[in-house]
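We will go from the whole chain to single residues, one selection at a time.

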Amino acid sequence: MNQSGKVAFPQVRIAPGAQVDGSAVLGPGTTVWELAQIREEVVLGCDCVVGRGVYVGPGVKIGHRVKIQNHALVYEPAELADGVFVGPAVVLTNDRNPRAVDTYGRLKRAGDWEAVGVRVAEGASLGARSVCVAPVSIGRWAMVASGAVVTKDVPDFALVAGVPAHQIGWVGRAGERLDALPDRSGFWECPSDGTLYAEKDGILTELSAQYRENASQ
């Protein structure tokens with residue numbers, strides 16, 4: 001049940017001390033650990049894990065099988081697709097020009113600025129203590145290194161690191177850094193599962209099993 005003890009979430013585990021608003025929607029198999037706060041109108045898919053001390057802002061949309069590790073801050077209007085990993089103490093911001101007060105020195109309220117969000121596509125991973133400065137999009141199966149500060153969009157399968165973050169390589173679905181094939185320009189291979197990827201004009205594409213078989217002949 002939620003913090004008030006009035007709303008039940010079937011097949012959902014909510015640890016004592018967690019705060020889950022009654023208007024939130026949590027899918028079956030999801031776990032919310034202590035001291036996490038799930039705000040109004042949040043949608044969480046099935047089989048998600050929300051760690052200790054996580055904050056999820058109002059209206060945030062989160063897909064299935066998403067892991068949000070301890071003390072991560074996911075501010076509205078962020079959107080996280082299926083299979084996303086958010087490491088410990090990650091921050092997804094929502095204000096381009098943050099100020100506590102306006103030009104007259106008055107405390108700014110919610111209606112005094114426009115929230116902008118971070119979008120994280122399927123399977124992407126955000127390393128511990130990384131920061132995504134909205135508005136940015138993180139591509140499918142991309143990986144953001146620990147401590148990186150992302151200020152521009154990250155392509156699918158890209159590996160980015162640094163402050164500000166820049167691309168240093170490619171990663172596959174398995175999370176391993178891809179190796180360039182020495183005898184086939186523009187082709188990359190996952191050292192973990194052998195999956196092949198093709199690069200053209202800065203875009204990486206995972207090859208289908210049939211294409212891989214034809215390319216090897």
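Residues 24 or more positions apart account for 16% of the contacts in the protein that have a separation of 6 or more. Keep in mind that this is a predicted model.

**The whole protein**

Select everything and colour by secondary structure. The protein has one helix and 26 strands. Now turn the view along the principal axes. The C-alpha atoms fill a box of roughly 65 × 50 × 20 Å.

How much of the protein is made up of buried residues? Of the 217 residues, 40% are buried.

Next, colour by charge. There are 21 positive and 24 negative side chains. The centres of these two sets lie 6 Å apart.

**Salt bridges**

Side chains of opposite charge can pair when their charged atoms come close. How many salt bridges does a search of the whole structure find? The search finds seven. Here are some to visit.

Select Arg119 and Glu79. Their side chains meet in a salt bridge, with N to O at 3.7 Å. Arg119 sits in strand 15 (residues 118-120) and Glu79 in strand 12 (residues 79-80), so this pair ties together parts that are 40 residues apart in sequence. Glu79 has a relative accessible area of 36%, so it counts as partly exposed.

Move on to Glu122 and Arg140. Their salt bridge spans 3.8 Å from N to O. Where do the two partners lie? Glu122 is in the loop between strand 15 and strand 16 (125-126), and Arg140 is in the loop between strand 18 (136-138) and strand 19 (143-144). The pair therefore ties together parts 18 residues apart in sequence. Glu122 is partly exposed at 33% relative accessible area. Arg140 is partly exposed too, at 28% relative accessibility.

Glu122, Arg140 and Asp156 are linked in a network of salt bridges.

Now pick Glu206 and Arg173. This salt bridge has an N to O distance of 2.7 Å. Glu206 belongs to strand 26 (residues 203-206), while Arg173 is in the loop between strand 22 and strand 23, so the pair ties together parts that are 33 residues apart in sequence. Glu206 is partly exposed at 27% relative accessibility. Arg173 is partly exposed as well, with a relative accessible area of 37%.

**A patch of negative charge**

Select Glu176, Asp179, Glu189 and Asp193. These residues gather in a patch of negative charge on the surface. Zoom in on Glu176. You will find Glu176 in the loop between strand 22 (166-170) and strand 23 (179-180). Its relative accessibility is 38%, so Glu176 counts as partly exposed.

**Two residues and their contacts**

Go to Thr31, in strand 4 (residues 31-32). Is Thr31 buried or exposed? Thr31 is buried, with a relative accessible area of 15%. Show what surrounds it. Leaving aside neighbours within four places in sequence, Thr31 is in contact with Arg13, Cys48, Val49 and Val50.

Jump to Ala121, in the loop between strand 15 and strand 16. At 23% relative accessibility, Ala121 is partly exposed. Which residues does Ala121 contact, leaving aside neighbours within four places in sequence? They are Ala81, Val84, Ile138, Gly139 and Arg140. Then draw a line from Ala121 to Leu196. The two are 75 residues apart in sequence and 21 Å apart in space, C-alpha to C-alpha.

**Backbone details**

Hide the side chains and look at the backbone. The peptide bond from Glu76 to Pro77 is cis, with omega near 5 degrees. Pro77 lies in the loop between strand 11 (73-74) and strand 12. Ala134 and Pro135 are also joined by a cis peptide bond, with omega about 0 degrees. Pro135 is in the loop between strand 17 (131-132) and strand 18.

Now check phi. Asp47 is a residue other than glycine with a positive phi, near 55 degrees. Asp47 is in the loop between strand 6 (43-44) and strand 7 (49-50). Its relative accessible area of 44% makes Asp47 partly exposed.

End at Arg129. Its phi is near 60 degrees, again positive in a residue other than glycine. Arg129 is found in the loop between strand 16 and strand 17. At 63% relative accessibility, Arg129 counts as exposed.

Key
Residues numbered from 1 in each chain as written. Predicted model: local features only at pLDDT ≥ 70, side-chain atom pairs only at ≥ 80, totals over all residues. Heavy atoms only, no water. Patch = residues over 30% accessible without salt bridge, like charges linked within 9 Å, V, L, I, M, F, W, Y side chains within 5 Å. Areas by Shrake-Rupley, 256 points an atom, 1.4 Å probe, with all protein chains shown as cover. Salt bridge = Lys/Arg side-chain N within 4 Å of Asp/Glu carboxyl O. Lys, Arg positive; Asp, Glu negative; His and termini not counted. Charge placed at Lys NZ, Arg CZ, Asp CG, Glu CD. Helix = DSSP H or I, 4+ residues; strand = E, 2+ residues; numbered from the N terminus. Buried < 20%, exposed > 50% of the residue type's maximum accessible area, 1.4 Å probe, protein only. Contact = heavy atoms within 4.5 Å.
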